[in-house]
Amino acid sequence: MKYNELKGLIKEEKNKENLNLVKEGGFSRLRQIMLGQVPSVRTIGILTAENPGGQPASREENNKRNADLMSDLRERNYGPIKVKGRFGEEESSFVVPHMERSDALEFGDKYGQEAVIWG
């Protein structure tokens with residue numbers, strides 16, 4: 001296999017893994033939200049349901065837990081944005097515009113998280 005073919009395959013696989021993550025164009029908007037430059041967004045939460053208690057869990061368990069969290073967030077009319085993060089281990093997380101502090105704490109507790117971010 002030629003170098004360029006291998007490079008193309010690697011890029012293709014990386015793209016498959018990141019289909020639901022913020023793309024470069026979306027990052028600019030997310031950055032503006034986090035810097036307080038979008039007046040309509042006054043609060044955000046950053047949280048995950050992965051790796052409860054700070055202990056690594058299987059990919060399947062983490063995927064199910066985050067799917068459940070996504071459902072909970074949507075039931076409360078939040079529009080979560082998927083992002084990659086790290087808290088010891090790499091985790092898939094959500095940035096949640098307009099999130100109430102009490103909801104961030106409630107979901108952190110429900111999903112056994114050691115930390116959530118709210119601001």
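Trainee: Why is D103 called buried in this predicted model?

Mentor: The relative accessible area of D103 is 12%. Buried means under 20%, so D103 is classed as buried. D103 has its place in helix α4.

Trainee: What makes the pair D103 and Y78 a polar contact?

Mentor: Their side chains are joined at 2.5 Å. The cut-off for a pair of N or O atoms is within 3.5 Å, so 2.5 Å meets the distance condition. Not counting residues up to four places away in sequence, D103 touches R76 and Y78.

Trainee: Which residues make up the largest nonpolar core?

Mentor: That core has twelve residues, including Y78, M99, A104 and F107. Two or more residues each come from α3 (59–75), β3 (89–97) and α4 (101–110). The largest share is that of α3, with three residues. Another core, of eight residues, lies apart from it; L30, V38, V41 and I44 are among them.

Trainee: What is M99 in contact with, leaving aside its neighbours within four places in sequence?

Mentor: Its contacts include L47, L73, Y78 and W118.

Trainee: How do you know that β1 and β4 pair?

Mentor: Two bridges join β1 (residues 44–47) to β4. Pairing needs at least two bridges, so β1 and β4 count as paired. The two strands run antiparallel, and W118 in β4 is the bridge partner of G45.

Trainee: What makes β2 and β4 edge strands?

Mentor: In the open sheet, the order is β2-β3-β1-β4. β2 (81–87) and β4 (117–118) each pair on one side only. Helix α3 packs on the sheet, touching β1, β2 and β3, and its direction makes about 5° with that of β3.

How values were computed. Residues are numbered from 1 along each chain as its sequence is written. This is a predicted model: local features need pLDDT of at least 70, side-chain atom pairs count only at pLDDT 80 or more; totals for chains, interfaces and linings use all residues. Side-chain values use heavy atoms; hydrogens and water are left out. A nonpolar core is a set of buried Ala, Val, Leu, Ile, Met, Phe, Trp, Tyr and Cys residues joined through side-chain atoms within 4.5 Å. Buried means under 20% relative accessible area, exposed over 50%, partly exposed in between (1.4 Å probe, protein chains only). Helices (H or I, at least four residues) and strands (E, at least two) are DSSP runs, numbered from the N terminus. Contact means heavy atoms within 4.5 Å. A polar contact is a pair of N or O atoms within 3.5 Å; within protein, one must be able to donate a hydrogen and the other to accept it, and residues adjacent in sequence count only if both atoms are side-chain atoms. Axes are lines fitted to C-alpha atoms, for helices over the stretch in contact, and angles run from 0 to 180 degrees between N-to-C directions.
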